[in-house]
Amino acid sequence: MAHDFQVVVDTADPHVLADWWAETLGWPVEPTDEDFIREMIAKGYAKEEETRTYNGVLVWRTGAAIRHPDSPPDGPPRRILFQEVPEPKTVKNRLHIDVWVGADNVEATLEKLTARGAKFLHRGRQGPHSWVTMADPEGNEFCIS
């Protein structure tokens, strides 16, 4: 039986990194439900300190997600969750995202992402396939090809 899953990225600021990846992938940030958050606080299931205001909206402090635009509204989403962790990234990722932009778009994408805070790490090649390894603004490695 096949299973659905989501990818979770540890981060110092989930909302900022979710916005960065949403723009990078062309995926929307999942909207927050301020009324639900307030209800959870009023009923004692959550505390005010578990929230923050981001871009003028009440959000959960510890997480934000982006969702593939073709994810079904009522089914399991194709999503990336950005989760707050207290420690900074210190070593190379054991898992990373490959973003397929097309061979003709790699250089323009490299320039665009670098201008938005990504860091070029190195170029790779295996047979006829090539890629560029980069790091997002928090240092998480990813490749474009």
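The model is predicted: local features need pLDDT of at least 70, side-chain atom pairs count only at pLDDT 80 or more, and totals for chains, interfaces and linings use all residues. Residues are numbered from 1 along each chain as its sequence is written, and side-chain values use heavy atoms, with hydrogens and water left out.

Helix α1 has 12 residues and reaches 16 Å from its first C-alpha to its last, close to the 16 Å expected at 1.5 Å a residue (the expected span is 1.5 Å times one less than the number of residues). Helices (H or I, at least four residues) and strands (E, at least two) are DSSP runs, numbered from the N terminus. Among the buried residues of α1 are Leu17, Trp20 and Trp21. Buried means under 20% relative accessible area, exposed over 50%, and partly exposed in between (1.4 Å probe, protein chains only).

## Nonpolar cores

The largest nonpolar core has 20 residues, and those with the most contacts inside it are Trp21, Ile66, Phe82, Met134, Phe142 and Ile144. Such a core is a set of buried Ala, Val, Leu, Ile, Met, Phe, Trp, Tyr and Cys residues joined through side-chain atoms within 4.5 Å. At least two residues of this core come from each of α1 (14-25), β4 (63-67), β5 (79-84), α3 (106-115), β8 (129-135) and β9 (141-144). Helix α1 gives the most, with 5 residues. Apart from this core lies another, of 5 residues, among them Ile37, Met40, Ala46 and Leu58.

## Salt bridges

The count comes to 10 salt bridges, each defined as a side-chain nitrogen of Lys or Arg within 4 Å of a carboxyl oxygen of Asp or Glu. One of them joins Arg67 to Glu30, with the closest N and O atoms 3.0 Å apart. This pair links distant parts of the chain, since Arg67 is in strand β4 and Glu30 in the loop between α1 and α2 (34-42), 37 residues apart. Arg67 is partly exposed at 23% relative accessibility, and Glu30 is partly exposed at 21%.

Lys89 forms a salt bridge with Glu141, the closest N and O atoms being 3.2 Å apart. Glu141 is buried, with a relative accessible area of 13%, whereas Lys89 is partly exposed at 32%. Arg123 and Glu107 also meet in a salt bridge (2.8 Å, N to O). Arg123 lies in strand β7 (residues 119-126) and Glu107 in helix α3, so this pair ties together parts that are 16 residues apart in sequence.
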